[in-house]
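Reader: Before I rely on any label in a model, I would like to see the rule behind it. Could you set the values beside the definitions?

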Amino acid sequence: MSDCIFCKIVAGDIPCKKVYEDGELLAFHDINPVAPVHFMIIPKAHIARLDEAHAKHELLLGRMLLLAPILAKAQGLNNGFRTVINTGPGGGQDVYHLHMHIFGGESADFRPHRM
Ligand code: 5GP
Ligand code: ZN
């Protein structure tokens, strides 16, 4: 998807603060964090939104979920974290490349209800 901002990040055409990468997944910090730690895990393949994922993506989606606590702990979130996947206009999705937000950390500005 040539006009997809996250595909451009996967391709290295737009820089990111990388958290993790393997053959299928990329994790990087959100450019506009809502919590002291806020990053996202995305599939490298372009899936626009969660409700466009299929059974063939089962393993990929499972890997995203299982990676979340590993990376959260590595980012210092030892007391838990929040995961959010916004889907479609009704879910407040802004970037149409599937991504799972992971955020948390101690802060008076941490407003989990905002995501
Ligand atoms: P959504 O509302 O689609 O779930 O969230 C999109 C997220 O992507 C937002 O939190 C926004 O800050 C983040 N974002 C948008 N553009 C960029 C970018 O170019 N780089 C990074 N690192 N994050 C981005
Ligand atoms: Zn994309």
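Author: The answers below take a few labels in turn. This is a predicted model, in which local features need pLDDT of at least 70 and side-chain atom pairs count only at pLDDT 80 or more, while totals for chains, interfaces and linings use all residues. Residues are numbered from 1 along each chain as its sequence is written, and side-chain values use heavy atoms, with hydrogens and water left out.

Reader: Why is Cys4 called buried?

Author: Buried means under 20% relative accessible area, exposed over 50% and partly exposed in between, with a 1.4 Å probe and protein chains only. Cys4 has 6% relative accessibility and therefore counts as buried, and Cys7, at 15%, is buried as well.

Reader: How many disulfides does the structure hold?

Author: The structure holds zero disulfides, a disulfide being a pair of cysteine sulfur atoms within 2.5 Å.

Reader: What makes the pair of Phe6 and Phe28 edge-to-face?

Author: Rings of Phe, Tyr and Trp (its six-membered ring) pair if their centres lie within 6.5 Å, and planes under 30 degrees apart count as stacked, over 60 as edge-to-face and the rest as tilted. The count comes to one aromatic pair. The ring centres of Phe6 and Phe28 are 5.3 Å apart and their planes stand at 85°, so the pair is edge-to-face.

Reader: Why is strand 5 described as largely enclosed by the rest of the structure?

Author: Strands (E, at least two residues) are DSSP runs, numbered from the N terminus. Five of the five residues of strand 5 (residues 100–104) are buried, so this strand is largely enclosed by the rest of the structure.

Definitions and conventions: Chains are lettered from A and ligands numbered from 1 in the order in which they are written. Helices (H or I, at least four residues) and strands (E, at least two) are DSSP runs, numbered from the N terminus.
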